[in-house]
Amino acid sequence: MNQEKLKFLKETAKDVRKKILLEIYSAQSGHPGGSLSCADVLTFLYMEVLNIDSQNPLDPFRDRFVLSKGHASSALYAILSIKNFLPQHILKDFRQCSSILQGHPDMKRTPGVDMSTGSLGQGVSAANGIALAGKIDKMDFRVYVLIGDGELQEGQVWEAAMFASHYKLDNITYIIDLNGLQIDGKTEEIMNISPIEQKFASFGFKTIEIDAHDFLEIETGLNQVKLIKKKPTVVIAKSIKGKGVSFMENNPNWHGTAPNSEQFEKAIRELEEKYV
Amino acid sequence: MSKRATREGYGDALLEIGDDKKIVVLDSDLSNSTRTCVFKKKYPLRFFNCGIAEGNMISTAAGLSSAGKVVFASSFAMFAAGRAFEQIRNSVAHPNLNVKICASHAGISVGEDGGSHQCNEDIGIMRTIPNMTIVSPSDYYEAKFLIKSSAYIDGPFYIRLGRLAVDNIFNDSYNFNLGKGILLEDGKDVTIIATGLTVFFALEARKILRQDGISAKVINIHTIKPIDKEIIIKSSEETGAVVTVEEHNIIGGLGSAVSEILCEENPILMKRIGIQDLFGISGKPTELFKIYEINADSIVKYTKILLKINLNVFNKLEDFP
Ligand SMILES: Cc1ncc(C[n+]2csc(CCOP(=O)(O)OP(=O)(O)O)c2C)c(N)n1
Ligand SMILES: [Mg+2]
């Protein structure tokens, strides 16, 4: 990756983070922690990986992205607005009655959203279904699904993992947003899910581990997945919940809390001044 | 009069009965929202977080109760009644075990989280399960009292709780029985039967109706199953018209339950106010109540239509759906 591209991706991710905060601040409702933790991965996917076209959001040949951890909707809307699927001025209407930007992704209301999610676990199986349809129709689009690490506690995720492996879905990539936190605290303390790598490996997945905030590692990881044949891939992306806003980082209290005006301004200032 | 959510009544009920060593509390990564966190703090050895795995939580609760525990298990209504339906049916209700499912964040009053999280189906789902007792408290005090009572009655319970802070109807001297409807206000022209946070809306509507010369009885049905047939039949006979109000799909909820009884016992003019077989959307609770027509104004409007009185007082006739 050349310096110029790296700089562009970092700037875009910073913009995503600012938009996330704007949405949640305007709504006084939403989920900053898990949205900020996946901002870099989403930025890379939408800028470099997904073959999609805002002029034709329902193109049957397009790549698909399923946000199974649907509570990070503000991150998805931010990047979709940057990719021109959505007008930027509607971000401030996030979660309001008249808005197409629902609290959790809604495929029938929001252009660019490939699957309605919000109930944890279900997006993973739905993404499998999309990948299976691709296999049936011999189409070569790819499917990416972003899963929370707490979400891995849902039995359905493992039913889905078994399915993806059984049907050799090499056109799907699971990405785990490994931020170590869920709502009630650390995943380790609430319901331990490790060792994640070994679990997926034993389910028949190719496993790749990356730093979720390092674009070089994201690039290497996501380039690799396309080369894997006859089995699904999981990218375990080690992240920091709340990444980019010092007082939100690694703090479970920012899972589902909106910043007040002072906190919002502080967060934006931090991103503008310090964040590279 | 300060507002409090029924889920707060749940947390406080657990604190008041928590010394009983038989009580075990389970949650699935929502302990702050459901308020089981207060029990966890005081009785950490009898609280278990099951992680985000509601189905597993419910069957685990069944096992615990088969070994003599009184188990309170919590999540959002959507994921308790929804995700774990079959575990509730087969692990808990079929063997008639002592599990109290306290499901918070029911109905559209969840607000901004939107349609994926607003459970307007849970009463309907739970009503179809034999052995299940369903409780839908209207305020903090009623929630606290009835949850405490449920701990000492054997068998499965589904207790429907809300996220939103709501006006208090009762106070600390609340002392009513499970299974018995409460006549809150008497009247002769119409009976308004409500449950959950809509009971307060019914009381407000009654005041407005009175100004227009309509006298409404208001009944609070906190126990949806087994439902108090007697009070429903008697009041319908006395008033000749019935309006039901709920923050739930009119299919399967309180309105259905009341219609089922009246159809057989006293067929009568009826109107069911509630979610008209729709999904919710994101928004502020009061705005959603307006959009979905679940508030005092809507009760007044539909009561008047029902009674065919002053149809043009509010709107032109053709505006009515
Ligand atoms: C089936 C289901 N159960 C519970 C919830 C409530 N909930 C929303 S987010 C969340 C925690 C998610 O933790 P994690 O997957 O680690 O996400 P992240 O840390 O990335 O925000 C929970 C329990 C839900 N949305 N769906
Ligand atoms: Mg997490």
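I take domain bounds from an automatic or database domain assignment. For the cavities, the definition I need is this: a cavity is a set of grid points where a 1.4 Å probe fits but cannot get out. The model I am looking at is predicted.

**Entry: cavities**

I looked up how many cavities reach 30 Å³ or more, and the count is three.

I went to the largest cavity first. Its volume is about 150 Å³. I find 15 residues lining the largest cavity. Closest to its centre are B:Pro137, B:Gly162, B:Gly196, B:Leu197 and B:Glu247. Which domains of chain B does the lining draw on? I see at least three residues from each of domain 1 (3-167) and domain 2 (182-319). By class, I note seven nonpolar, six polar and two charged residues in this lining.

The second largest cavity holds about 50 Å³ of space. I list its lining from chain A: A:Tyr46, A:Leu50, A:Ile52, A:Pro57, A:Arg62, A:Asp63, A:Phe65, A:Phe85, A:Gly112 and A:Asp114. Six of these residues are nonpolar, one is polar and three are charged.

**Entry: a pocket**

Next I turned to the second largest pocket. I read a volume of about 500 Å³ for the second largest pocket. Its lining has 25 residues. Nearest its centre I find A:Ser116, A:Thr117, B:Gly115, B:Ser116 and B:Phe279.

Which helix gives the most to this lining? I find that helix 5 of chain B does, with four residues. Helix 5 (122-136) of chain A and helix 5 (77-83) of chain B each supply at least two residues. I sorted the pocket lining by class: six nonpolar, 14 polar and five charged.

Technical notes: Residues are numbered from 1 along each chain as its sequence is written. Chains are lettered from A and ligands numbered from 1 in the order in which they are written. This is a predicted model: local features need pLDDT of at least 70, side-chain atom pairs count only at pLDDT 80 or more; totals for chains, interfaces and linings use all residues. Side-chain values use heavy atoms; hydrogens and water are left out. On a 1 Å grid over the protein atoms alone, a cavity is a set of points where a 1.4 Å probe fits but cannot get out, and a pocket is an open set with protein on both sides within 12 Å along at least five of seven lines; lining residues have an atom within 4 Å of a point. Grid points are joined across faces, edges and corners, and a volume is the space filled by probe spheres set on the points. Ala, Val, Leu, Ile, Met, Phe, Trp, Tyr, Cys and Pro count as nonpolar, Asp, Glu, Lys and Arg as charged, and the others, Gly among them, as polar.
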